[in-house]
Amino acid sequence: MGKGVPLHRLPPQAPLYMLEFKAGRTDFFYAPAGVHVQLGDLAIVEADRGKDIGKVAMLLASDQVLAMGIQKQQQQQQQQQQQEGATEMAPLTKADIHIKRIYRPASGDEIHLLLSKAQDEQKALAMCQQKTRQRKLPMEVVDAEYQWDRRKLTFYFVADRRIDFRELVRELFKIYKTRIWM
């Protein structure tokens, strides 16, 4: 669960979508038979060991998904090379790109729950910033994002160099009792 299906295994006629999430994060999804979403809809989707909610941003063909995946990989390589001097990776193929599933459009009640999710994210952000200051870590925590089912809490940060925040993650786990990603 959460890994998706390799792009080459999907039927050629399967509708493919790019969905947007908080902090400008995007990912690729397919809609199985019987699931219909339109541009701008909020949808419940397969995520890392659970479910998330995102906004349908674009309808795509498999060639477009491959091209966008290659472009994303190149950007990641450039960032790694700047930070760590990483070696070049082999180009992506359709077998390397995994497309996750759209379960269904979000219901009205689920959309209303976005407000409480946003409030909880702001509280988590303030808590993480406080813990970071207490530990005098040289980083700035800029955002927090709960996965829709709250099985994962991701903190986004900026730092000039690599930070050992393992103790911070352990402390945040004790508070929130969920998977913590930084």
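Reader: Which residue forms a salt bridge with Glu110, and how far apart are the closest N and O atoms?

Author: Glu110 pairs with Arg104, and the closest N and O atoms are 2.7 Å apart. This is a predicted model, and the distance is computed from its atoms.

Reader: Is Glu110 buried or exposed?

Author: The cut-off for buried is under 20% relative accessible area. Glu110 has 13% relative accessibility, so Glu110 counts as buried.

Reader: Which other residues of helix 2 are buried?

Author: Besides Glu110, the list holds Lys117, Glu121, Ala124, Leu125, Cys128, Lys131 and Thr132.

Reader: What do the buried residues of helix 2 pack against?

Author: Their partners are strand 4 (42–47), strand 6 (98–105), strand 7 (140–146), strand 8 (152–158) and helix 3 (166–176).

Reader: How does the reach of helix 2 compare with the expected value?

Author: The general idea is to set the distance from first to last C-alpha against a span expected at 1.5 Å a residue. Helix 2 covers residues 108–134, which is 27 residues, and reaches 40 Å, close to the expected 39 Å.

Reader: Where does helix 2 bend?

Author: The bend is at Leu115 and comes to about 25 degrees. Just after the helix, Lys136 has a positive phi of about 55 degrees.

Reader: How many salt bridges does the structure hold?

Author: There are 14. One of them joins the side chains of Asp143 and Lys22, at 3.2 Å from N to O.

Reader: Which parts does the pair of Asp143 and Lys22 tie together?

Author: Asp143 is in strand 7, and Lys22 is in the loop between strand 2 (16–20) and strand 3 (26–30), so the pair ties together parts that are 121 residues apart in sequence.

Reader: Which residues are linked with Asp143 in a network of salt bridges?

Author: The network links Asp143 with Lys22, Lys117 and Glu121. Lys117 and Glu121 are among the buried residues of helix 2.

Reader: Which residue forms a salt bridge with Asp164?

Author: Arg166 does, and the closest N and O atoms are 2.8 Å apart. The cut-off for exposed is over 50%. Arg166 has 54% relative accessibility, so Arg166 counts as exposed.

Notes: Residues are numbered from 1 along each chain as its sequence is written. This is a predicted model: local features need pLDDT of at least 70, side-chain atom pairs count only at pLDDT 80 or more; totals for chains, interfaces and linings use all residues. Side-chain values use heavy atoms; hydrogens and water are left out. Helices (H or I, at least four residues) and strands (E, at least two) are DSSP runs, numbered from the N terminus. The expected span of a helix is 1.5 Å times one less than its number of residues. The bend at a residue is the angle between axes fitted to the seven residues ending there and the seven starting there. Buried means under 20% relative accessible area, exposed over 50%, partly exposed in between (1.4 Å probe, protein chains only). Contact means heavy atoms within 4.5 Å. A salt bridge is a side-chain nitrogen of Lys or Arg within 4 Å of a carboxyl oxygen of Asp or Glu.
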